[in-house]
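Let's walk through a structure together, one question at a time. Have a look first.

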Amino acid sequence: MEKKQGISGAALKWMAIICMLIDHIGATVALQIYYQAVAGGSAEAINQAYLFYYVLRCIGRFSFPVYCFLLVEGFYHTGSRGRYLRNLAVFALVSEIPFDLAFHNSLFNTDDQNVFLTLSIGLTALWLAELLWNWFCERFPGAWGSSPAAFFLLRFLIGLVPVIPAALLAEALNTDYGGWGVALIYAFYMLHDQKTLAAVTGVVIMTVMQFIEIFGFPSIIAIHCYNGTRGKQMKYFFYLFYPVHLLILYGVCKLLGYY
């Protein structure tokens with residue numbers, strides 16, 4: 001069989017995981033180095049520590065758009081959406097203590113919640129949006145006439161019925177990326193057949209949230225190069241990596257005396 005050109009889903013996951021790890025090193029170890037410099041360092045040491053922290057965080061902006069893109073791919077191609085949602089929800093629970101330890105040096109912190117919860121809420125919103133759209137099509141077939149634009153707009157507006165409450169829930173729970181994350185997931189869903197446009201839209205959405213997210217622009221190139229294949233899957237490794245690497249980063253901060 002001829003190998004397809006481009007980047008597989010597994011390769012995209014690896015790229016996102018590596019960038020996420022770099023980002024989280026920045027948000028834990030490098031941030032503590034910066035705090036130490038502020039507490040007793042020279043202006044040059046403070047500037048160098050902040051630059052180190054900021055560069056790592058900029059590299060990490062690649063990850064979330066890719067995760068959202070792959071979530072939507074999974075939504076369309078999984079054999080069981082229920083099992084997919086269950087796995088995300090379970091690892092949202094499993095990851096919360098490691099998340100709080102790594103970022104707050106606490107077993108329990110309500111300031112923010114881990115990204116698996118954002119993804120779980122986003123996936124639930126997509127599922128409800130599709131069920132609602134299918135119901136509407138059965139009740140009002142051809143309501144959009146022959147206009148593709150009317151079809152898209154109607155589908156978009158109907159999907160907002162579950163998506164807006166989901167985004168508000170994510171904001172209320174202070175999940176990682178919050179309602180903006182749910183909006184990004186919905187953008188990938190609505191533009192599923194136009195992956196490059198979806199990626200551009202995603203980076204724009206995230207940049208509106210926070211300007212540093214503009215450094216996620218390399219994700220546009222990576223998503224554009226996605227070849228539609230799954231690649232070699234190590235499903236539970238990708239799930240487990242999140243809580244495990246957070247525990248390791250917490251341990252590193254402890255060993256270095258930052259926590």
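Q: At roughly what angle do the axes of helix 1 and helix 10 cross?
A: This is a predicted model, where local features need pLDDT of at least 70, side-chain atom pairs count only at pLDDT 80 or more, and totals for chains, interfaces and linings use all residues. Residues are numbered from 1 along each chain as its sequence is written, and side-chain values use heavy atoms, leaving out hydrogens and water. The axes of helix 1 (residues 9-40) and helix 10 (residues 235-255) come within 10 Å. They cross at roughly 20°.

Q: Is helix 1 roughly parallel or roughly antiparallel to helix 10?
A: Angles under 35 degrees count as roughly parallel and those over 145 as roughly antiparallel. The crossing is at roughly 20°, which makes helix 1 and helix 10 roughly parallel.

Q: Which class of residue has 15 members in the contact of helix 1 with helix 10?
A: Contact means heavy atoms within 4.5 Å, and residues including W14 and I17 in helix 1 meet ones including F237 and F241 in helix 10. The contact has four polar residues and one charged residue, while the class with 15 is nonpolar.

Q: Which helix gives the largest share of the lining of the largest pocket?
A: About 810 Å³ of space lies in the largest pocket. Of the 31 residues that line this pocket, the closest to its centre are K13, L70, G74, Y84 and Q233. The largest share, six residues, comes from helix 3.

Methods:
Axes are lines fitted to C-alpha atoms, for helices over the stretch in contact, and angles run from 0 to 180 degrees between N-to-C directions. Helices (H or I, at least four residues) and strands (E, at least two) are DSSP runs, numbered from the N terminus. Angles under 35 degrees count as roughly parallel, over 145 as roughly antiparallel, 65 to 115 as roughly perpendicular and the rest as oblique. Ala, Val, Leu, Ile, Met, Phe, Trp, Tyr, Cys and Pro count as nonpolar, Asp, Glu, Lys and Arg as charged, and the others, Gly among them, as polar. On a 1 Å grid over the protein atoms alone, a cavity is a set of points where a 1.4 Å probe fits but cannot get out, and a pocket is an open set with protein on both sides within 12 Å along at least five of seven lines; lining residues have an atom within 4 Å of a point. Grid points are joined across faces, edges and corners, and a volume is the space filled by probe spheres set on the points.
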